[in-house]
Amino acid sequence: MRLHGGVADPSGLDRRDHVCWSYDDPQELGQVTRQFLLAGLERGERVMCVGEVAIAGVTEGPTALPDVDGLLRTGTLVVVPLAATYNDNNNAAAARRPLPERLAFYEDAVTRAADDGYSGLRIAAEVTALASEPTMWADQLLWERIADGVIAGGRGMATLCAYRHGAVDAELLAALSTVHPLASGPGTDVAFRLFFDDDVLTLTGAVDWFGATRLRGLLAATPVNTASVILDLSDLTFIDAAGCTVVAAWGVALASAGSTLHLRRASRTVRRVWGLLGFDAYASIVAGASL
Amino acid sequence: MHHDALLYADDAEFTRGVAGFIRAGLRAGELPVVAEPPRQIELLRAELGSDADSVRFLDMTQLGRNPARIIAVWQGLLDECAGRGVRLRGVGEPAWVGRRANELIECRIHEQLLNVAFGDGVSWELLCPYDRRRLPASVVAGAWHSHPCVVDDDTHHNSAAYSRGEVTDVFSAELDPVPDRADRLTYERGDVARVRAAVRTFAQASGLVDGAVDDLVLSADELATNSVRHGGGSGMITTWVRPDAVLVEFSDNGTITAPLVGRLRPGVRSYGGRGIFLVNHLCDLVQIRSGATGTRVRVTMWR
């Protein structure tokens with residue numbers, strides 16, 4: 001399974017890692033971004049910096065990458081201001097590129113990195129501006145999940161997503177953290193995580209009544225395009241009746257959309273609760289080996 | 001429903017009374033279901049002969065290990081009978097000889113709540129045998145209290161002591177005192193994960209096996225969550241062990257007003273209402289006491 005949970009050292013992150021990094025001080029983020037990208041350069045990866053805050057951190061001042069001009073000239077470092085990546089103009093709130101175009105941009109960048117002889121692509125993105133207004137929240141959450149699916153696919157796209165603590169709504173930051181397998185910084189220590197492992201949706205940690213509402217929203221917004229959806233529970237340490245009800249209700253919603261939900265590697269307790277509450281009709285519990 | 005008690009003095013009275021009741025059902029085309037301890041099932045099979053093939057036998061020591069689980073079983077059978085267009089005729093002996101005193105109290109409450117659950121519903125028969133010689137006198141007196149009709153010494157009596165089982169009645173039954181040496185921990189919103197961790201540590205230290213530890217932790221989560229949501233926002237957990245049992249009690253300032261809480265299987269599409277139902281199925285004994293001064297839910301795991 002992909003590395004998941006809290007992380008302290010950005011230089012240890014590898015090809016399939018996707019980390020949500022909150023910060024209070026831009027200088028401190030500059031240090032983190034520098035360490036993260038330097039580790040990529042050591043591995044022979046192309047490094048990409050998205051967002052004006054992240055770009056400033058590694059191109060100017062004490063946290064600038066060594067020989068940054070040379071890296072830029074050779075295309076080893078690519079800088080992508082938010083406007084160019086996501087928007088038709090400089091106003092992030094007014095006009096943003098639709099998610100399919102964003103996805104195509106990054107997939108293309110991974111392909112080009114490989115074509116140009118790099119061992120992968122490593123992305124540090126400071127995207128607070130894409131999560132600042134309530135009208136953006138659902139899109140940004142969905143985007144992180146689509147991106148997580150691509151990163152999990154293993155083509156080599158280690159990604160650090162930075163959000164400024166206090167500038168992003170607390171519940172949104174928690175939800176953003178939840179859909180990253182890894183997280184660090186204030187407001188990102190969440191009880192459970194929901195991310196992709198290869199193409200399998202994976203729920204880890206503890207889900208209780210207090211987290212069930214978040215889980216319900218995230219499951220409902222999960223990008224699903226297969227007739228059979230697997231939810232892996234091998235690292236789920238706890239789930240209560242409210243959490244199970246949310247999962248079962250998602251099974252009902254998937255069924256009405258033509259998909260079937262299967263729970264993989266469910267614990268003895270989950271199996272018991274599933275039977276006691278009569279949820280078998282909404283999501284089957286399967287042995288890991290059969291899927 | 002017709003809810004009768006059968007007070008029997010010995011095996012012969014038991015088998016004669018129950019077999020007669022079952023055969024009357026078979027003649028009427030009803031579905032007889034017998035929930036009894038294994039020994040009584042063997043007695044009945046011998047007495048019924050080939051008629052036993054038309055009877056469904058359930059092990060009461062399994063399904064009624066916690067008496068609060070039994071009503072859901074009868075409800076499931078009633079649903080099945082409704083689907084098949086047959087009438088249900090049940091025999092249930094939750095208060096078998098050898099049960100612990102606090103289990104027998106919960107059996108009495110269960111018997112009272114049967115009247116609440118099914119008293120105004122579809123027509124069916126339920127006969128509840130009691131060993132009048134070997135059970136404590138208070139348990140036999142309780143049968144007169146919880147059954148409108150009692151068969152004693154082969155004679156039908158309308159019980160003058162019958163009371164249907166109202167909230168004040170069932171939620172104010174006696175509880176063993178909490179020992180002074182019990183450990184206490186208060187909790188409020190944001191503390192439920194801490195309650196789970198504390199109960200896990202306590203359950204493991206008390207020698208429960210892994211499955212029972214997980215069951216107790218899930219039960220603790222559900223009950224502490226109920227305190228936070230419905231019990232005034234906070235509560236206290238008290239834990240102690242006895243030679244035969246591990247006990248955890250949750251107390252808060254809420255008041256439970258639904259006497260059947262946790263006893264009927266929740267609808268699969270409804271949100272909520274599942275916590276105490278699950279707790280009833282995960283724990284060996286669940287004792288709910290509630291009134292104007294607050295609620296106590298005590299759960300027991302035998303060891």
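## A first look at chains A and B

Chain B averages a pLDDT of 95, with 98% of its residues scoring at least 70. That score belongs to a predicted model, so keep in mind that pLDDT is the predictor's own confidence in each residue, on a scale from 0 to 100. For chain A the mean pLDDT is 91, and 93% of the residues reach 70 or more. One stretch of chain A to treat with care is residues 88–95, where the pLDDT is below 50. Even so, this stretch has 12 contacts in the model beyond its near neighbours in sequence. As for the complex, the predictor gives an ipTM of 0.91 and a pTM of 0.92.

### The sheet in chain B

What holds neighbouring strands together? Strands of a sheet pair through backbone hydrogen bonds, and they can do so in a parallel or antiparallel way. Here are some of the pairs in chain B.

| Strand pair (chain B) | Sense | Bridges |
|---|---|---|
| Strand 2 (residues 31–36) and strand 3 (residues 56–59) | parallel | 4 bridges |
| Strand 4 (residues 88–92) and strand 5 (residues 125–131) | parallel | 3 bridges |
| Strand 1 (residues 2–8) and strand 6 (residues 149–152) | parallel | 4 bridges |
| Strand 6 (residues 149–152) and strand 7 (residues 155–158) | antiparallel | 4 bridges |

To get from strand 2 to strand 3 of chain B, the chain passes through helix 2 (residues 38–48) of chain B, making a right-handed β-α-β crossover. Elsewhere in the sheet, B:Gly90 sits opposite B:Leu126 in strand 5 of chain B.

Which residue of strand 6 of chain B stands opposite B:Asp4? The residue is B:Cys149, and B:Cys149 also stands opposite B:Asn158 in strand 7 of chain B. Strands 6 and 7 of chain B form a hairpin with 2 residues between the strands, and B:Asp153 there takes a positive phi near 55°.

### Two helices in chain A

Over in chain A, have a look at helix 5 (residues 99–115) and helix 6 (residues 134–152), which pack at an angle of about 35° with their axes 11 Å apart. The crossing of helix 5 and helix 6 of chain A is right-handed. On the helix 5 side of chain A, the residues that meet helix 6 are A:Leu99, A:Arg102, A:Leu103, A:Tyr106 and A:Glu107. Their counterparts in helix 6 of chain A are A:Asp139, A:Leu142, A:Trp143, A:Ile146 and A:Val150. By class, this contact has 7 nonpolar and 3 charged residues, with no polar ones.

### Where the chains meet

Finally, how many residues of chain B are in contact with chain A? There are 17, and they touch 16 residues of chain A. On the chain B side, helix 8 (192–205), helix 9 (210–230) and helix 10 (275–282) are the elements that give two or more residues. Helix 9 of chain B has the largest share, with 6 residues. Sorted by class, the chain B side that touches chain A has 7 nonpolar, 4 polar and 6 charged residues.

Definitions and conventions: Residues numbered from 1 in each chain as written. Chains lettered and ligands numbered in written order. Predicted model: local features only at pLDDT ≥ 70, side-chain atom pairs only at ≥ 80, totals over all residues. Pairing = 2+ DSSP bridges. Right-handed = clockwise from strand over helix to strand, strands pointing away. Contact = placed C-beta atoms within 7 Å. Axes fitted to C-alpha atoms, helices over the stretch in contact; angles between N-to-C directions. Left-handed = near helix turned anticlockwise from the far one by under 90°. Nonpolar A, V, L, I, M, F, W, Y, C, P; charged D, E, K, R; others polar.
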